[in-house]
Amino acid sequence: MTALDLSSPVAVVGTGTMGQGIAQVALVAGHPVRLYDAAPGRARAAAAAIVARLDRLVEKDRLTAADLPHSRLRSSGGTPIAARARLLVAENLTDLADCALVVEAVLERLDVKQELFRALEDIVGDDCLLATNTSSLSVTAVGGALANPGRLVGLHFFNPAPLLPLVEVVSGFATDVTYATRAYETARAWGKTPVACADTPGFIVNRIARPFYAEAFAVYEAQGADPATIDAVLRECGGFRMGAFELTDLIGQDVNESVTRSVWESFFNDVRFTPSLAQRRLVESGRLGRKTGQGWYDYSDETGAAERSEPHTAEPGQRPAYVVAEGDLGPASELLQLIREAGIQVREDEEDHGTRLVLPSGGQLALADGQTSVEFRDVVYFDLALDYRRATRIALSASQDTAPQTLAEATGLFQALGKDVSIIGDVPGMIVARTVARIVDLAHDAVAKGVATEEDIDTAMRLGVNYPLGPFEWSRRLGRNWAYALLDDLHMRDPSGRYAPSLALYRHAYATDKREATS
Ligand SMILES: NC(=O)c1ccc[n+]([C@@H]2O[C@H](COP(=O)([O-])OP(=O)(O)OC[C@H]3O[C@@H](n4cnc5c(N)ncnc54)[C@H](O)[C@@H]3O)[C@@H](O)[C@H]2O)c1
């Protein structure tokens, strides 16, 4: 209802990668669009690039005149004439005086953005909405220099803006709710999926996604497994679209590290966001990922395909004839059904209240819980899977005290379920389990601190970084105190504070316990 009228001109200042994408979105939505860039000729080149992209989309029938409001007239086979006519290049900032919205996508520097908005304030009308596409600066700080900071919002698009639906609509400390709502509704009218977010380091996605990278790097630094194995476990067991090593190679190690550093520094060096030393060394060595031909993996092959070692996959183990189920396996309870379906007998032990499977050797198999195998006489841990039926790989960890027969039977059991098995080092919380627990924790913490709603966080993580489930959906599936218990165990073993569960997660788990105790 409060979205900008389509007849209102929208300006995009800074016409690089993001500016072009955002301008294309506004143009396709139906607005007159003005492009301005400080570098001579760049806005004109950007306009040509946008028209060329639209031409290609029209040629491939991926965009029709119906998708371009007010564009019934068509040029010969290309972008409708009316859409072209709506796209203008501004020679000076003063040409933006009649705009109802200015989206800034210039250099990621506070002084540059502040100076730009100060200049714009003297040019545009009093009611013009000002938006910054900053990904790491404080929206409050960007607006801090303005006479009316109430009309400045963060409109954080993701790259490529025409394709990715998510837009984080960020309210700075001084942002007026009327302007934030207008920005939100306008993003929605443009066909995007907006989520509302307070001004916090990393906003929603870049804040809550940090452990996805950090925990993979931590397992590697602890010599738990090599990148190819960790990536394979995250994909094939955790259900993530890509592993952390291949994804950061795609993003660029320098870009990914600088987001991590910025979030960490903005949180006054909060240990939960500490960057990775291994990644630092990679950046220092110039191995920035695909763009330099070498990152965690080697891309020097002419096709650009990654030369990577195969994930560790265990040789055939020993299929056990039966297992004894002690207590409730919690998020892994589906395994019992899969084991039965594989023709392996499951004996239920009514007496014991552990959460383990006992193998014929007498050794035990337990879901990763934040403890290490070395603390028990003879135990093998298995990792958390998004879906045990669909998972094609499972990670197991054992200590030097684990009997070889126990490991052989644990391996054989999962192989009998049709899974590849990766045996990794004795890493508490394994790979997927610790990653998911930390993401769930940061999500609870963010809600408790007023960053966003549970629903918006789930939407942001699914659309912004392609997670198979939002953190709260995942948390509900896992049981309300699963993440708390795992992190509490990890925190005991690594008391640096990195794994300390948040007060919000504690409250969540405690409230459940109390309800269960009184019911
Ligand atoms: N690239 C991404 O994936 C991504 C994603 C989300 C947000 N962002 C943010 O978007 C912004 C732009 O990023 P980008 O990747 O498009 O950068 P880019 O380098 O591709 O483009 C920046 C453009 O801004 C112009 N410019 C610089 N100073 C200017 C000024 N004072 N006035 C007008 N034009 C100016 C430059 O000439 C250049 O054309 C940054 O704040 C960045 O953090 C980037």
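In which loop is methionine 430 found? In this predicted model, methionine 430 sits in the loop that runs between β15 (420–424) and α15 (432–448). Its backbone deserves a look: phi of methionine 430 is near 45 degrees, a positive value in a residue other than glycine. Most residues other than glycine have a negative phi. Methionine 430 is also buried, because 30 other C-beta atoms lie within 10 Å and the cut-off for burial is 20 or more.

Asparagine 269 belongs to the loop between α11 (253–266) and α12 (277–284). Is asparagine 269 buried or exposed? It counts as exposed, because it has 9 C-beta neighbours inside 10 Å, and 12 or fewer is the limit for that class.

Let us step back to the whole chain. The protein chain is divided into domain 1 (10–199), domain 2 (207–292), domain 3 (322–424) and domain 4 (434–518). Between the C-alpha centres of domain 1 and domain 2 the distance is 31 Å. An unreviewed UniProt entry carries the annotation "domain: 3-hydroxyacyl-CoA dehydrogenase C-terminal" for residues 202–299 and 429–510. Residues 202–299 are 57% helix and 0% strand, with end C-alpha atoms 30 Å apart. For residues 429–510 the figures are 68% helix and 0% strand, and the end C-alpha atoms are 21 Å apart.

Next, follow helix α18 (residues 482–493), which holds leucine 486. Leucine 486 counts as buried because it has 29 C-beta neighbours inside 10 Å. Not counting residues up to four places away in sequence, leucine 486 touches Asp369, Gly370, Gly429, Ala433, Arg434 and Ala437. Glycine 370 is 116 residues from leucine 486 in sequence, yet their C-alpha atoms are 4.9 Å apart in space.

Finally, turn to the ligand. There are 22 residues around the ligand, and Gly14, Gly16, Met18, Ala38 and Asn159 come nearest. The shell has 10 nonpolar, 9 polar and 3 charged residues. Both α1 (17–29) and α4 (110–121) supply at least two residues of this shell, and α1 gives the most, with 3 residues. Most peptide bonds are trans. You will find proline 160 in the loop between β6 (152–157) and β7 (166–171).

Terms used:
Residues numbered from 1 in each chain as written. Predicted model: local features only at pLDDT ≥ 70, side-chain atom pairs only at ≥ 80, totals over all residues. Near = placed C-beta within 6 Å. Helix = DSSP H or I, 4+ residues; strand = E, 2+ residues; numbered from the N terminus. Nonpolar A, V, L, I, M, F, W, Y, C, P; charged D, E, K, R; others polar. UniProt positions renumbered as here; feature names shortened; annotations may be inferred. Domains from an automatic or database assignment. Contact = placed C-beta atoms within 7 Å.
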